[in-house]
Structure formats: structure tokens, C-alpha cells
Amino acid sequence: MKIKTPEVIFATFALIFGLLFLFITPYNGVPDEEAHLMRACEVSDGILYSGKTYVETTKCDEFLFKNIQLNRNKFQFHSSSGYSPVLYTFSALGLKFGEIWGGNTMFYLARLFNLIFFILITTLAIRITPVFKYQFLIVALFPMTLFEGMSLSADSINIAIAFLFFAYLFKFIFRNKQELLKGDLFNLSILSVLGAMLKGLIYPIFLFVFLPIKRHKILFISTCLILAIGIMSYWSSINPIFTYPSPLMDANINKYMLLHSPLDFIHKFYTTLITRSYWYIPSCIGILGWLKINLYPAYVIEPILFISSFFIFPTHVDKNKKIVALTIFIIFFILMHIMFYITWTLPNSPKIDGVQGRYFIPMLPLLFMVLAQNKSFIPHKYQNKYISVLIVMIFITLCYSYFALYNYFI
């Protein structure tokens, strides 16, 4: 295996800097990590759903109490109560294994298990995709992506599975022209169900229209889509965030407003785009900690690397695929704002609250298709030089990110 292959570059950098980020970032140094830890504790103790019954404490909590005091509020559900247990499978295993020592050891082992899964799955994704390998590499090594990947956040598992889902699709859409085997269809079905049980990761299913399926194609796509939407709708319907009022806002009131006064949403959506458009890219690339640690050089370096990669490594994507990919991304973008309008936005807020660029990371492979160039703009012999520059710039960015974390937390 060549040292400069994208999957090796990713695995090496992700392991080194993932561990550095992991140990330099203290408990609850990642947004909502305390809530994710509580949910992981519940899953560790076999509580697969905690939406309707308040979980006062778990056996896992008791082991953590050696060093960590979880703030379980008896009067409201924590923000991760209704999340699928799939999102916490590996952090829960880390907690269970760490019960031998308890306290901080449990917490850091839970992070470590998430990081290992994130690295393994993302490395596999980069390896199996025949296209956009360097685009996957760049996005997977965004400081924010790696920061989430090493944390207890549900985004760690969600991003990794999203990358694998898209990579597996690209394998057949862009290279394999033979009809898919039954095993391939089964794997796609599993990814569809798994995606629906994560954070509504059903959008790659709409790319199934480009798969080389000759028999029962419409039936297969319809079945996967209906099954995924059904599972996603079920988890949304039992998620306390969507169903139970909080002291500050009531999701039911916002749902009523969306249905009966859609102009309110349209106005707030427009205001958000106008006044907060500058926020999306930096918060996607990396505003670390509780959105306090800015990485200003990265906001220049990373977009340059990302955009230039399409001109250096061409991929032929026809117009129809570009249109479909862009349409899916726009729909996802709008629906994400609708979700935060319902769950986070106060009635008197002039804009939609809570939307961050990191929530768009799982869907960035759709933009790979949109931005793809059909021809290279430099001679092939210069690609290796570009790769060397790419490696150096990513390394510098991650070093800068680590020292920013160090200066903030130490």
C-alpha cells in the first residue's frame, strides 16, 4: 500500500490528531457532550429508548461518579433522550469496558471507541470509493469533523456511516456498469435502514436512481425509501425534542406555526440566510469547543484545498447527476432549517436558532458531484506535487487546531 494513498493519509492523521484532540479536550468540552454521555450510559445499561420515561440514574452513572457528576435534570429530558441507540453502540461499549476503572477512564475509553470506529469506517469509505478520494480526505480531516469524530457526540457515528453510504454508492454509480448482485442490494438495504436509525440519513437513497439495476429497480428504490422514511418518522415521533415542551419553547407551537403560518418560517429562514450566511462555512470547517475556539487560517486554507481538488482530480459527472445531487442537498438544507425552527427557535426570535455548519458535513459528498470537473486543469505529472502540498497544508491546519485547543483548555 502506497504511503500517499488517501486512505493511509487519513488514517495516519486521524489517529495522531484524533488522540491529541481526545486527551486535550476536557469532559464536556464538546457541545452537548454531557447529554450524549448520559444517553451512552443508558445504552450501556440496556436502556435502548428513554424518551417517555425519565431516567433518574443508571449503574453506569454510579461508576462515573468517581470523577464525573452527571447533571440529570428530573424535570426535563436531556437533549439526546430520543436518539437511536445505534448512535451510541461504540461509546456504550467503551463505557462498559471502562467500568473496571470507573471515572475519567470510562469517559476517555468511550471517546476512544468512537474515534476508532470513526477512523475504521471512514478509511474504508475512502478506500472503496473510486472517485472523490481526495475530497473525502479533505472533508474527513476538517478540524470540526475530527473534533466530532473523537467525541461522544452522535455526529461521530453519523458522519462515518454517511461517508460509507455515499462511497458505496459511488462505487456502483461511477465505475461498476454491471447489474448489482443480490449481496450489493442487501448491503444497500442495510445502509438505508441504518441511515434512517441514525440522524435521518436517508438522502443517499435518492441517488439509487443512478444504480445499474435492470430488474425491479423502482420496486427496490420504493421499498428502501418507504422503509427508511417509516423508521425515521417513528424515531422523530417518539423523540421528546419534537413532542415535549421545554420551559422556554414548545415544539408543538412551532409545528402549528409552520403548518398554519408558513410565512413566519419563510421570513425567519430568509433572515437567517441573510444575517448568518457567513456562519455556515467556518462552523463546518471548525469552530471548536463550545463554539468559542476560532481557527481563522483554516477558513482560508480549507476552502482553497477543497475547491482546487476538483480541478486537480477530475471526475466525469453528467448534468443529470449534478442536478439531482444539488436538488437533494437543497432539500436537506431546507429541512434542516425546518427541524431547528421546530425544536430550537423561540417564538420571538427573528431568525432560526441552532443551525451549525457541522450538521451539513454528512451531506457534503452531494456537493462533490455538483462541483466535479470533467477534465484536469494541470498535467498529470503535477498531481503528486499537489498531493504533497495537500498533506503539508492539512498537517499545518491540524497542528494549529491542536495548539488552539491547548491554549484554550490548558
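Me: Happy to start with a serine: which residues is Ser156 in contact with, leaving aside its neighbours within four places in sequence?

Reply: Gladly, and bear in mind that this is a predicted model. Ser156 is in contact with Asn114, Phe118, Glu148, Gly149 and Ser151. Contact here asks for heavy atoms within 4.5 Å. The serine lies in helix α8, which covers residues 154-173.

Me: Why is Ser156 called buried?

Reply: The cut-off for buried is under 20% relative accessible area. Ser156 has 0% relative accessibility, so it counts as buried.

Me: What makes Phe166 and Phe170 a tilted pair?

Reply: The structure holds 42 aromatic pairs, and here is one of them. The ring centres of Phe166 and Phe170 are 6.1 Å apart, and their planes meet at 40°. To pair, centres must lie within 6.5 Å; planes under 30 degrees apart count as stacked and over 60 as edge-to-face, with the rest called tilted. The 40° of Phe166 and Phe170 falls between those two limits, so the pair is tilted. Both residues lie in helix α8, four residues apart, or about one turn of the helix.

Me: Why is the pair of Tyr296 and Tyr299 called edge-to-face?

Reply: Their ring centres are 5.9 Å apart and their planes stand at 85°. That angle is over the 60 degrees needed, so the pair is edge-to-face.

Me: What makes the phi of His216 worth a look?

Reply: Phi of His216 is near 60°, a positive value in a residue other than glycine. Most residues other than glycine have a negative phi. His216 sits in the loop between α9 (182-197) and α10 (217-237). With a relative accessible area of 61%, the histidine is over the 50% limit, so it is exposed.

Me: Where is Leu291, and why is it called partly exposed?

Reply: Leu291 is in the loop between β1 (287-288) and β2 (293-294).

Me: Why does Ile323 get the label partly exposed?

Reply: Ile323 has a relative accessible area of 45%, which falls between the limits of 20% and 50%, so partly exposed is the label. The residue is in helix α15 (residues 319-343). Its C-alpha atom is separated by 23 Å from that of Ile226, 97 residues apart along the chain.

Me: How do you know that Tyr280 is buried?

Reply: At 11% relative accessibility, Tyr280 is under the 20% limit and so counts as buried. This tyrosine is found in helix α13 (residues 262-285). Not counting residues up to four places away in sequence, Tyr280 touches Thr272, Leu273, Phe333, His337, Val355, Gly357 and Phe360. Tyr280 and Gln356 are 76 residues apart in sequence, yet 6.2 Å apart in space, C-alpha to C-alpha.

Me: To finish with the whole chain, how many helices and strands are there, and why is the chain called as compact as a globular protein of that length?

Reply: There are 17 helices and two strands in the chain. The radius of gyration is 21 Å, close to the 22 Å that the globule rule gives for 410 residues, so the chain is as compact as a globular protein of that length. Along its principal axes, the C-alpha trace spans about 60 × 50 × 45 Å. Of the 410 residues, 54% count as buried.

Me: What share of contacts joins residues at least 24 apart?

Reply: Among contacts between residues at least 6 apart in sequence, 80% join residues at least 24 apart.

Technical notes:
Residues are numbered from 1 along each chain as its sequence is written. This is a predicted model: local features need pLDDT of at least 70, side-chain atom pairs count only at pLDDT 80 or more; totals for chains, interfaces and linings use all residues. Side-chain values use heavy atoms; hydrogens and water are left out. The radius of gyration is taken over C-alpha atoms; the globule rule is 2.2 Å times the number of residues to the power 0.38. Buried means under 20% relative accessible area, exposed over 50%, partly exposed in between (1.4 Å probe, protein chains only). Rings of Phe, Tyr and Trp (its six-membered ring) pair if their centres lie within 6.5 Å; planes under 30 degrees apart count as stacked, over 60 as edge-to-face and the rest as tilted.
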